Amino acid sequence: MPRVYNWQINREMEYPYPAAAPQRQFAAVFDINKCIACQTCTLACKNAWTAGRGQEYMLWNNVETKPYGFYPLGWDVNVLRLLGPQSWQGDTYTGMTIFEAAAKNEEGRVAVGYIPDEQDWATPNIGEDEAAGLVQGGAYFTLPHPVWSFYLQRVCNHCSYPACLAACPRKAIYKRPEDGIVLIDQERCRGYRECLRSCPFKKVMYNQVTRVSEKCIACYPRVEQGLQPFCTINCIGRIRINGWIQQPAEADPESPVDFLVHARKVALPLYPQFGLGVNIYYIPPIHVPPPYLRQMFGPRVEAAIATYRRAKDDPDLLGVLLLQGATDRWIEKFRVRGGEAIGYDARGDEVARVPLKEPVYIRPEFDRALAVFRQNIT
Ligand code: SF4
Ligand code: SF4
């Protein structure tokens, strides 16, 4: 098997195809701390792309409440169990990726994985935020750990080393050279579901009516027009921003995603140990115990949280975070000047401007025009 370099695990790894980096790579950063699980992103995507026959159960974008929420049921617990022990030495992953584990243990498969049961997709977020039955007056329950939970926003990661693409016997899955978006050719697909078995994030979904597989398309018709995807622009919590990501050595500190991932290292890949080189990054939740977060986002979690906590003293970091959700346009570059964060499109035109500090207006107590008294609440 060819060897490719995966910077997220700081080493070379085995992958069925030689590295073929796109001209530029679609990416996004989600700030978990700001998500309120309103599912507006989920429905924006659903209305746009999966309102057809056979797509009823599909949520290309979903938001699940960790640690007990899943879509499909148990997806990450199941894959982590199949992968076996995982270990890091510093920034280097010393365990096996899903490709290496398959090469060692599963003859004929490119990645360890499984196909979820139909029922596993049926009830996203079952039992997370609501009681399972009637609650008697005075009843209460206890939990075995200090109470915490957080919302995990999930879309296809448009991976640099996609397991879905590697596993497809029809070569129906391809990575676009112009932007790194991973798509399934609906004409070539025969519905074997090897992509679904191998994607550890379970972000390929099978359509029982058309009998082919489907997945998040990164809203590529919007990206081609310099617009951000629907899930990003509809986000109520303004937790999302899209951008291009480079390799660490070529990072552009004026690109929002490069800045958050490579310059400040505050945004981390999800399950880097899988070995896919994912391109969706997360700012980890600051209130969650680090051991849980380390198994999910790798060894840089504590440093990322410390950096995030200092954002109020870091105008550039604060500026990018405030540009999240500030425009529907794709922000190629940003700058912070005179107390404002400014975003620019590919032509260098300004597309967003936000103040680092919200201005406070104190109105006169008596409004003469309306002849009313006002209260200023501070
Ligand atoms: S997240 Fe899954 S479906 Fe998306 S590119 Fe990666 S392997 Fe393929
Ligand atoms: S729209 Fe934004 S805040 Fe609401 S669930 Fe989605 S990511 Fe979270």
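Take the buried residues of α11: their cover includes β3 (25-31), β12 (240-245), α8 (256-263), β15 (333-337), β16 (340-344) and β17 (350-355). Helices (H or I, at least four residues) and strands (E, at least two) are DSSP runs, numbered from the N terminus. This is a predicted model, where local features need pLDDT of at least 70, side-chain atom pairs count only at pLDDT 80 or more, and totals for chains, interfaces and linings use all residues. Residues are numbered from 1 along each chain as its sequence is written, while chains are lettered from A and ligands numbered from 1 in the order in which they are written.

**Helix α11**
- In α11 (residues 315-323), the buried residues are L317, G319, V320, L321, L322 and L323; buried means that 20 or more other C-beta atoms, placed from the backbone, lie within 10 Å of a residue's own.
- After α11 comes G325, with a positive phi near 70°.

**The whole chain**
- You can find 11 helices and 19 strands in the protein chain.
- Of its 378 residues, 43% are buried.
- A compact globule of 378 residues would have a radius of gyration near 21 Å, and the chain's 22 Å agrees with that. This radius is taken over C-alpha atoms, and the globule rule is 2.2 Å times the number of residues to the power 0.38.

**C164 and V204**
- The largest nonpolar core has 103 residues, and V29 and C164 touch the most other members. Such a core is a set of buried Ala, Val, Leu, Ile, Met, Phe, Trp, Tyr and Cys residues joined through C-beta atoms within 7 Å.
- Leaving out residues up to four places away in sequence, C164 touches I173, V182, C195, S198, C199 and V204; touching means that the C-beta atoms, placed from the backbone, lie within 7 Å.
- V204 sits in strand β10 (residues 204-207), and V204 is buried because 26 other C-beta atoms lie within 10 Å.

**Around the ligands**
- Ligand 1 has 14 residues around it, and C156, C159, P162, C164 and C199 come nearest. A residue counts as near if its C-beta atom, placed from the backbone, lies within 6 Å of the molecule.
- The shell around ligand 1 splits into 10 nonpolar, 2 polar and 2 charged residues. Ala, Val, Leu, Ile, Met, Phe, Trp, Tyr, Cys and Pro count as nonpolar, Asp, Glu, Lys and Arg as charged, and the others, Gly among them, as polar.
- Ligand 2 also has 14 residues around it, with C35, C38, C41, C235 and G237 coming nearest.
- The shell around ligand 2 has 10 nonpolar, 4 polar and no charged residues.

Note on methods:
A residue is buried if 20 or more other C-beta atoms lie within 10 Å of its own, exposed if 12 or fewer, and partly exposed in between; C-beta atoms are placed from the backbone. Two residues are in contact if their C-beta atoms, placed from the backbone, lie within 7 Å.
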